[in-house]
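Here are my notes on this model, as numbered points. Keep the structure open beside you while you read.

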Amino acid sequence: LKSLKDYWNSQSIQEVRQSMLNEKWHPACIRCESIEKYGGLSKRQYEILLLENNQDHLNLKDLELTPVSNVSAQFVEIRFGNLCNLQCRMCHAGASNKIATEYNELHETHDPDLFPKTKTPRFQIKASELDDLLPPLEDLRLLRILGGEPFFDKECKAFCQRLVDEGVAKNIALIVTTNMTHFDEEWLQLLKQFRHISLHLSIDGIGDVIEYIRYGTDWEQVEKNLYRFIEALPGSRFLFLPCMQSYNLLGIDKVYYFYDKIRSEFPDQEMVVHPTILDNPSHLATTVLPQSIKEIAHQRLTNVIEKVHLSKFEKLHLEGLIDRFVNEETASTDEQKKWLNFTRI
């Protein structure tokens, strides 16, 4: 579809809205349904929290709840491209041009199912081409930016500069998902112009673990950059988002202890730790691990619950994730062979 107007009230979106109005799970919502079944915090519930945190700035008073919506979008999520400086093992071509290039090379000589080929290793949306896909900028209240790595993307920076220049940034809560490998003074000055900043941190491990999973990472630099952002952006929100997978299940506890250390050093800064469990690619999921490994991870994370001061929300979420990975069936032998083959390559 060519414009937001076409999509906003398309047949498929009307069907989703109707399912929600009927309080029924739509087939497109199976992932959130599964997470909530295990007591975890789903994307659906997290989006509600984001909206609640920003409700004083949203125009929800006259919101008419029908399958056809006549209100303007106030919450927008944009992925400007897949330009990234890392090659994360669990990543895909749509989020990293380096992964796309590598997979295209490996596709010819290795298992093509493990390394799918893409026709567009590098894609980019220009800021100037977004107008038909956006609501009026003065209506925008919540903006989430993904990548690639947004802090490397010139088009992403150009769009944020436009929001500042047009005087609407002061109305917008900006969320940026970042791998924390890059600190840019120009970006920092832009961030300060927005009503509120949330940095979503892709920190899956500490030291050697994150350097292995997110290839190209320098942990010392990540830690240094994190401190610089926290010190420069008082009143902002820092959300730690470790992705639980086969490579780091035994190291997630160290992420919690690192988070606890940072939080103790900046007690007035808002910080949250919110792990997710990797579903795709399935051959890197926690399900490929033997039950004995899961039990060790279970014990380590139980110790975290006892030793780290977690909010009620953080504790419930972690308990739900533990319940999920401990009780999920172990993957098939074929899937475990895929994991071994992928890791060796």
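1. Start with helices H10 and H11. The model is predicted, and here the axes of H10 and helix H11 (residues 291-307) come within 9 Å of each other. They cross at roughly 15 degrees. Angles under 35 degrees count as roughly parallel, and H10 and H11 are therefore roughly parallel to each other. Their crossing is left-handed.

2. Now look at who touches whom in that pair. From H10 come Ile 252, Asp 253, Tyr 256 and Tyr 257. They meet Arg 300, Leu 301, Asn 303, Val 304 and Lys 307 of H11. Sorted by class, the contact of H10 with H11 has five nonpolar residues, one polar residue and three charged ones.

3. Next, the pair H9 and H10. Helix H9 spans residues 219-232, and helix H10 spans residues 252-265. Their axes lie 12 Å apart, at an angle of about 30 degrees. That makes H9 roughly parallel to H10. The crossing of H9 past H10 is right-handed.

4. The H9 side of this contact consists of Trp 219, Glu 223, Leu 226, Tyr 227 and Ile 230. The H10 side has Phe 258, Lys 261, Ile 262 and Glu 265. By class, the contact of H9 with H10 counts six nonpolar and three charged residues, with no polar ones.

5. What angle do H11 and H12 make? They pack at about 170 degrees, with axes 10 Å apart; helix H12 covers residues 312-327. That makes H11 roughly antiparallel to H12, since angles over 145 degrees count that way. On the H11 side, the contact is made by Gln 291, Lys 294, Glu 295, Ala 297, His 298, Leu 301, Thr 302, Val 304 and Ile 305. On the H12 side, the residues are Lys 315, Leu 318, Glu 319, Ile 322, Phe 325 and Val 326. The classes in the contact of H11 with H12 are eight nonpolar, three polar and four charged.

6. Turn to the second largest pocket. It holds about 230 Å³ of space. Its lining includes Gln 87, Cys 88, Arg 89, Ile 99, Glu 102 and Tyr 103. Leu 106, Phe 115, Tyr 215, Phe 342, Thr 343 and Ile 345 also line the second largest pocket. Two or more lining residues come from each of strand S2 (87-88), helix H5 (97-107) and helix H13 (333-344).

7. Which element gives the most to the lining of the second largest pocket? H5 does, with four residues. By class, the lining of the second largest pocket divides into eight nonpolar, two polar and two charged residues.

8. Check the backbone too. Most residues other than glycine have a negative phi, and most peptide bonds are trans. Now find the spots below.

9. The peptide bond from Gly 147 to Gly 148 is cis, with omega near 15 degrees. Gly 148 sits in the loop between strand S3 (142-146) and helix H6 (154-165). Another cis peptide bond joins Asn 280 and Pro 281, with omega about 0 degrees. Pro 281 is in the loop between strand S10 (276-277) and H11.

10. Last, look at Glu 23. Its phi is near 55 degrees, a positive value in a residue other than glycine. Glu 23 belongs to the loop between helix H2 (11-21) and helix H3 (30-37).

Terms used: Residues numbered from 1 in each chain as written. Predicted model: local features only at pLDDT ≥ 70, side-chain atom pairs only at ≥ 80, totals over all residues. Heavy atoms only, no water. Axes fitted to C-alpha atoms, helices over the stretch in contact; angles between N-to-C directions. Parallel < 35°, antiparallel > 145°, perpendicular 65-115°, else oblique. Left-handed = near helix turned anticlockwise from the far one by under 90°. Contact = heavy atoms within 4.5 Å. Nonpolar A, V, L, I, M, F, W, Y, C, P; charged D, E, K, R; others polar. 1 Å grid on protein atoms, 1.4 Å probe; cavity = no way out; pocket = protein on both sides within 12 Å on 5 of 7 lines; lining within 4 Å. Points joined across faces, edges and corners; volume = space filled by probe spheres on them.
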